[in-house]
Amino acid sequence: MPPSLLYVVKQVELAVRSHLDELLRPHGLTTSTYTALTVLERRDGLTTADLARTSFVTPQAMADIVAALEARGHIVRTPDPTHGRRLRTSLTAEGRALLAALAEEVGALEERMLAGLDPAQRAALRTQLNACREALT
């Protein structure tokens with residue numbers, strides 16, 4: 001009997017994370033810190049809580065990630081003009097430059113993962129994975 005799809009998805013996730021951590025380590029990043037940066041690249045101005053939800057970590061873990069990224073100059077937090085106690089998080093020029101510098105290596109990892117799929121299969125995989133994600137949200 002073949003393994004369940006849940007098992008296969010988890011195995012893919014673990015393999016991606018392992019390779020991504022190895023790729024990011026020389027840049028002082030982890031998969032979690034990189035994910036936070038890429039989320040901010042697409043959705044500027046998130047709170048730490050919103051960033052945690054979209055980055056798949058707990059709010060407590062994201063607080064540590066945000067502090068580390070801020071200390072390294074990759075992000076900045078500014079007060080929300082509509083809510084005095086809320087802080088909004090944005091990439092700095094240094095954070096954007098770091099993501100740009102990593103784009104080729106990360107793209108090569110994704111290409112390696114998808115090497116056995118033709119363009120139609122890649123598009124179908126993306127659609128199907130998004131459908132699975134939405135079904136569980």
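This is a short tour of a predicted model, one selection at a time.

Residues are numbered from 1 along each chain as its sequence is written, and side-chain values use heavy atoms, without hydrogens or water. Because the model is predicted, local features need pLDDT of at least 70 and side-chain atom pairs count only at pLDDT 80 or more, while totals for chains, interfaces and linings use all residues.

**Stop 1: the annotated span.** Select residues 2-134. An unreviewed UniProt entry lists them as "domain: HTH marR-type"; such annotations may be inferred rather than shown by experiment, and positions follow the numbering used here, with feature names shortened. The span is 68% helix and 11% strand, and its end C-alpha atoms lie 25 Å apart. Helices (H or I, at least four residues) and strands (E, at least two) are DSSP runs, numbered from the N terminus.

Stop 2: Select residues 75-80, strand S1, and residues 83-91, strand S2. They pair in the antiparallel sense over six bridges; two strands pair if DSSP finds at least two bridges between them. Pick Thr78 and find Arg88, its bridge partner in S2.

**Stop 3: salt bridges.** The structure holds six of them, each a side-chain nitrogen of Lys or Arg within 4 Å of a carboxyl oxygen of Asp or Glu. Start with Arg86 and Asp80, whose closest N and O atoms are 3.9 Å apart. Asp80 is buried at 6% relative accessibility, whereas Arg86 is partly exposed at 34%. Buried means under 20% relative accessible area, exposed over 50%, and partly exposed in between (1.4 Å probe, protein chains only).

Next, select Arg122 and Glu111, which meet in a salt bridge at 2.8 Å, N to O. Arg122 is in helix H6 (residues 119-135) and Glu111 in helix H5, so the pair ties together parts that are 11 residues apart in sequence.

**Stop 4: helix H3.** Select Thr48, in helix H3 (residues 48-55). Is Thr48 buried or exposed? Thr48 is buried, with a relative accessible area of 18%. Beyond its neighbours within four places in sequence, its contacts (heavy atoms within 4.5 Å) include Pro59, Arg77 and Leu87.

**Stop 5: helix H1.** Finish with Lys10 and Glu13, both in helix H1, three residues apart, about one turn of the helix. They form a salt bridge with the closest N and O atoms 3.2 Å apart.
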